[in-house]
Amino acid sequence: MAFDFFDSLRPKRKALDPDIAARIPPGQTLTEKWPVLQYGGVPREDLAKWSFRIFGLVEEPITLNWQQFMALPHRSYHNDIHCVTHWTKLNNDWEGVPFEEVLKLVKLKPNATHVMVHADINFTANLALEELQRPEEDGRSFFAFKHSGEELTMEHGWPLRLVVPKLYLWKSAKWVRGLEFMERDRPGFWESYGYHMHGDPWLEERYG
Ligand SMILES: Nc1nc2c(c(=O)[nH]1)N[C@H]1C(S)=C(S)[C@@H](COP(=O)(O)O)O[C@H]1N2
Ligand SMILES: [Mo]
């Protein structure tokens, strides 16, 4: 092929370390920054009025206030996040409440198989219960309140967001306010606009 002068001027993409490359799902590009994405505005949360509701197919629905939620056990997590808009951000350090600790607060009815995550402002995301109960090595879901040692910023979900590390980030509802247990899958907000019901970045489950 002839020497392409213009091509020779383009910055060459640095070859990625194979260990890093193996962590980038198909169709994704690395970002160092953390883009902010949501439908609509950033809610003004008020911790004094904040509540977290667990309802649907549970024996006894419960509502926790902020103090009660924060009294649950905390853990740190390290993971990579993948947005359906093609960016991947590696090595996120989080502090959060394990999903399984929240699940312990209720007794599920035997027909509960799916969860609708409810968040401000009128945001929902659907998940299979199974997805939230993956083994530790597969990446556990959690309710994050810190990133990089700092409280979440308002745009990234302060005071609390869900993090579902194995799925595209749209499932990781910011400003999360509750869980509704269901007997079948139902589309959440983005899913009702054509996003995939599951959303595995490794399978490129972007649109349904
Ligand atoms: N409450 C709420 N959570 C949300 C959304 C939203 O519109 N509302 N958007 C989702 C989408 S589409 C993405 S890509 C991620 C973006 O998270 P980030 O802004 O922290 O990068 O948040 C998800 N969580
Ligand atoms: Mo998104």
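This is a predicted model: local features need pLDDT of at least 70, side-chain atom pairs count only at pLDDT 80 or more; totals for chains, interfaces and linings use all residues.

Trainee: Which pocket does ligand 1 take up, and how much of its accessible area does the protein cover?

Mentor: The space that ligand 1 takes is the largest pocket. Among the polar contacts there, a polar side-chain atom of Lys 174 lies 2.5 Å from an oxygen atom of ligand 1. On its own, ligand 1 has 530 Å² of accessible area, and the protein covers 98%.

Trainee: What distance separates an oxygen atom of ligand 1 from the side chain of Trp 34?

Mentor: Start with the backbone for contrast: a polar backbone atom of Asp 120 is 2.7 Å from a nitrogen atom of ligand 1. For Trp 34, the atom concerned is an N or O of the side chain, and its distance from a ligand 1 oxygen is 3.0 Å.

Trainee: How many residues of the shell around ligand 1 are nonpolar?

Mentor: There are 20 residues around ligand 1, with Tyr 39, Asp 120, His 156, Arg 161 and Lys 174 coming nearest. By class, the shell holds three charged residues and three polar ones, and the nonpolar count is 14.

Trainee: In which sense, parallel or antiparallel, does β2 pair with β3, and in which with β11?

Mentor: Strand β2 covers residues 51-56, and a hairpin through five residues joins β2 to β3. Arg 53 has Thr 63 of β3 as its bridge partner, while Ile 54 has Leu 179 of β11. With β3 (residues 62-65) the four bridges are antiparallel; with β11 (residues 176-182) the four bridges are parallel.

Methods:
Residues are numbered from 1 along each chain as its sequence is written. Chains are lettered from A and ligands numbered from 1 in the order in which they are written. Side-chain values use heavy atoms; hydrogens and water are left out. A residue is near a molecule or strand if one of its heavy atoms lies within 4 Å of it. A polar contact is a pair of N or O atoms within 3.5 Å; within protein, one must be able to donate a hydrogen and the other to accept it, and residues adjacent in sequence count only if both atoms are side-chain atoms. Accessible areas come from the Shrake-Rupley method with a 1.4 Å probe; for residues, only the protein chains shown count as cover. On a 1 Å grid over the protein atoms alone, a cavity is a set of points where a 1.4 Å probe fits but cannot get out, and a pocket is an open set with protein on both sides within 12 Å along at least five of seven lines; lining residues have an atom within 4 Å of a point. A molecule sits in a cavity or pocket if more than half of its atoms lie within 2 Å of its grid points. Ala, Val, Leu, Ile, Met, Phe, Trp, Tyr, Cys and Pro count as nonpolar, Asp, Glu, Lys and Arg as charged, and the others, Gly among them, as polar. Two strands pair if DSSP finds at least two bridges between them. Helices (H or I, at least four residues) and strands (E, at least two) are DSSP runs, numbered from the N terminus.
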